[in-house]
Amino acid sequence: MAFRDDFVWGGASASYQVEGAVNEDGRLPSVWDMFCKQEGKILDGSSGAVAADFYHRYQEDVDIMKELGYKAHRFSIAWPRVIPTGDGAVNEKGLDFYDRLVDSLCKAGITPYTTLFHWDYPYDLFRKGGWMNPDSPKWFADYAAVMVKRLGDRLKNYMTINEPTCFIGASYIKTNHAPGIRLPIWDTLLMTHNVLLGHGRVVQTLRSLVPDAKIGYAPAVGAYYPASDSPEDREAARQAFFSVGDEGLWSVSLWNDPIFLGTYPEELYRRHGQHMPHIGSDDMKIISQKLDFLGQNIYFGDAVRADGKGGYEFPRRNIGYPFTAFAEKWPISPEALYWGPRFLYERYKVPLYITENGLSCADTVSLDGKVHDPGRIDFLQRYLHCLRKAAGDGVDIRGYFHWCVTDSFEWGYGYTERFGMVYCDYQTQQRIIKDSGHWYREVIRSNGANL
Ligand code: FCB
């Protein structure tokens with residue numbers, strides 16, 4: 001069992017979480033800048049105003065990635081840096097930054113993978129109704145066109161959007177993400193449809209402007225896996241995995257079926273038929289443009305077993321079950337990286353990348369000046385074993401991006417969570433490669449043979 005010879009090993013990040021420089025060179029606010037200004041929204045009262053100062057220090061971070069042997073880096077582009085009002089005038093200085101970054105990565109032999117939208121939505125567009133506005137798919141496609149006209153000669157790997165479950169579900173239902181406004185189900189379904197249309201239109205734009213582009217997208221999944229080896233439990237887990245669920249819209253099938261199968265899941269109509277938006281005659285065709293890969297962010301999963309009545313249930317976790325240090329208590333469940341890819345590949349039959357996986361640990365600088373994070377190494381080793389097993393069992397897995405490169409602004413948790421393989425001292429902006437970073441270099445060097 002081995003990873004493919006051309007397996008892509010890398011690390012991921014997102015613009016608002018690392019860049020800082022929010023008022024520099026013509027960038028205008030995103031919904032996240034404005035959300036952070038509101039009392040009580042961010043656990044430590046912080047914002048991404050400085051973050052890991054990647055806007056100024058990207059070269060240092062590219063050097064670190066090179067030192068660690070990264071083959072690829074997944075980063076996102078801040079839409080309000082490039083088109084500050086979201087629609088209309090282009091900010092050359094913003095474009096210049098990504099130009100420099102892409103050049104620097106290419107020079108270091110690190111293949112750039114870009115997410116066009118990772119949540120920092122231009123505030124001016126939000127004021128025009130954001131994803132509820134019928135023009136929102138066009139705004140997104142126009143912005144994508146600007147980007148690829150400038151970078152498409154060097155940038156060949158694209159993800160349209162990151163985790164729509166969060167920027168719709170967490171933003172408009174749970175309200176713990178920007179802009180944090182509770183909306184009824186019919187509006188969130190309308191936004192869902194516009195997001196999917198925007199995705200499709202961006203794919204069309206990319207295909208016409210960069211014919212050799214590899215295009216995918218990066219939704220998240222909390223992967224359900226069978227509680228035992230029995231065929232009944234496996235079927236139960238599959239059922240749970242693709243179920244539409246409640247109105248939280250945390251659903252794999254809702255966000256993937258339209259794109260890969262060209263139709264919304266039937267269960268969605270059963271549950272929310274009366275709340276569905278109008279679907280134009282060409283819409284599903286636009287949404288289901290052929291993709292080259294499915295990126296999946298997978299951090300954890302839950303065991304599922306058959307309930308003996310054709311349905312499924314979630315057995316209680318054993319007392320003492322391990323969780324990561326993250327305040328949300330994500331369970332350490334490596335099976336997610338076996339069953340997640342497997343179920344997805346069976347249903348959608350498209351090459352997969354793990355576009356995010358990792359954990360937050362209570363990392364501190366030790367007396368020896370280093371950051372020892374054995375928990376991260378153990379976690380990643382367990383998860384990567386499972387991913388390798390999935391590859392060995394025939395799932396077409398092309399790459400793995402660890403979340404994240406340096407510690408960064410963790411949305412509602414501010415700087416209280418550290419997911420990086422590189423420690424960031426936010427007072428001095430000093431970087432320290434954690435033990436896991438050195439370990440990962442060997443994983444990459446041996447293409448996972450040393451796991
Ligand atoms: C994912 C997000 C990413 C990061 C990780 C921990 O949901 O895509 O930006 O915050 O979680």
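**View 1. The shell around the ligand.** By class, five nonpolar, four polar and three charged residues make up the shell around the ligand; Ala, Val, Leu, Ile, Met, Phe, Trp, Tyr, Cys and Pro count as nonpolar, Asp, Glu, Lys and Arg as charged, and the others, Gly among them, as polar. The surrounding residues are Gln17, His118, Trp119, Asn162, Glu163, Asn297, Tyr299, Glu356, Trp403, Glu410, Trp411 and Phe419 (near means a heavy atom within 4 Å). Please keep in mind that this is a predicted model, where local features need pLDDT of at least 70, side-chain atom pairs count only at pLDDT 80 or more, and totals for chains, interfaces and linings use all residues. Residues are numbered from 1 along each chain as its sequence is written, and side-chain values use heavy atoms, with hydrogens and water left out.

View 2. A polar side-chain atom of Gln17 sits 2.7 Å from a ligand oxygen atom. For His118, a polar side-chain atom is 2.9 Å from an oxygen atom of the ligand, and an N or O atom in the Trp411 side chain lies 2.9 Å from a ligand oxygen atom. The ligand taken alone exposes 290 Å², of which the protein buries 95% (Shrake-Rupley method, 1.4 Å probe).

**View 3. The largest pocket.** The ligand takes up the space of the largest pocket (more than half of its atoms lie within 2 Å of the grid points). A pocket is an open set of points on a 1 Å grid over the protein atoms alone, with protein on both sides within 12 Å along at least five of seven lines; a cavity is a set where a 1.4 Å probe fits but cannot get out, and lining residues have an atom within 4 Å of a point. This pocket holds about 1000 Å³, the space filled by probe spheres set on the points. Among its 43 lining residues, Cys166, Ala220, Trp250, Phe300 and Trp330 lie nearest the centre.

**View 4. The largest cavity.** Four cavities of 30 Å³ or more turn up in a search of the whole structure, and the largest cavity has about 100 Å³ of space. Of its 14 lining residues, Val31, Tyr121, Phe167, Ala178 and Pro179 are nearest the centre. The lining divides into 12 nonpolar, two polar and no charged residues.

**View 5. The second largest cavity.** About 40 Å³ is the volume here. Ser13, Val18, Phe54, Asp61, Met65, His73, Val405 and Thr406 form the lining of the second largest cavity.

Terms used: A polar contact is a pair of N or O atoms within 3.5 Å; within protein, one must be able to donate a hydrogen and the other to accept it, and residues adjacent in sequence count only if both atoms are side-chain atoms.
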